Amino acid sequence: MDRPAEDFSFFDCQVGLRDRNRADWSVRSSQPGLIYYPHPETKPEHFQDPGTLEVLTTFMSGLSYGDALVLELDSDQMVIGAGGKGEGGKGEGVKGKG
């Protein structure tokens, strides 16, 4: 069965590991990454929770289950916000600009 190709975008990000020893959101280390965003209109048979982000980056030494991460985005590429109008216009909260 032939299916149309999936359309998706990648957005630059920085992934930071929060410093457990500080009360604020200070980052003890960070590295570049990419956010993979599948365009929902090109995947009608596959539901992906709009609150899920797929982040690709290299291995993060010192990362443990339950650790908090800090995600830095270029607002010229992508905006994330509750109830936002995403590329599909359905309020999924992610807005790609590229």
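**Close-up 1. Arg22 and its salt bridge to Asp24.** Arg22 is partly exposed, because its relative accessibility is 43%. The model shown in these views is predicted. Arg22 forms a salt bridge with Asp24. The closest N and O atoms of Arg22 and Asp24 are 3.0 Å apart. Asp24 has a relative accessible area of 36%, so Asp24 also counts as partly exposed.

Close-up 2. Ser26 sits in the loop between β1 and β2. With 17% relative accessibility, Ser26 is classed as buried; the cut-off for that class is under 20%. A polar contact joins the side chains of Ser26 and Arg22, at 3.3 Å. Neighbours within four places in sequence aside, Ser26 is in contact with Leu17, Arg18 and Asp19.

**Close-up 3. Arg20 paired with Asp67.** Side chains of opposite charge can pair when their charged atoms come close. Here Arg20 and Asp67 form a salt bridge, with 2.8 Å between the closest N and O atoms. The pair links distant parts of the chain, 47 residues apart. Arg20 lies in the loop between β1 (8-18) and β2 (27-38). Asp67 lies in the loop between β3 (54-57) and β4 (69-73). Arg20 counts as exposed, because its relative accessibility is 51% and the class begins over 50%.

**Close-up 4. Both salt bridges together.** A search of the whole structure finds two salt bridges.

Terms used:
Residues numbered from 1 in each chain as written. Predicted model: local features only at pLDDT ≥ 70, side-chain atom pairs only at ≥ 80, totals over all residues. Heavy atoms only, no water. Salt bridge = Lys/Arg side-chain N within 4 Å of Asp/Glu carboxyl O. Helix = DSSP H or I, 4+ residues; strand = E, 2+ residues; numbered from the N terminus. Buried < 20%, exposed > 50% of the residue type's maximum accessible area, 1.4 Å probe, protein only. Polar contact = N/O pair within 3.5 Å; in protein donor to acceptor, adjacent residues only side chain to side chain. Contact = heavy atoms within 4.5 Å.
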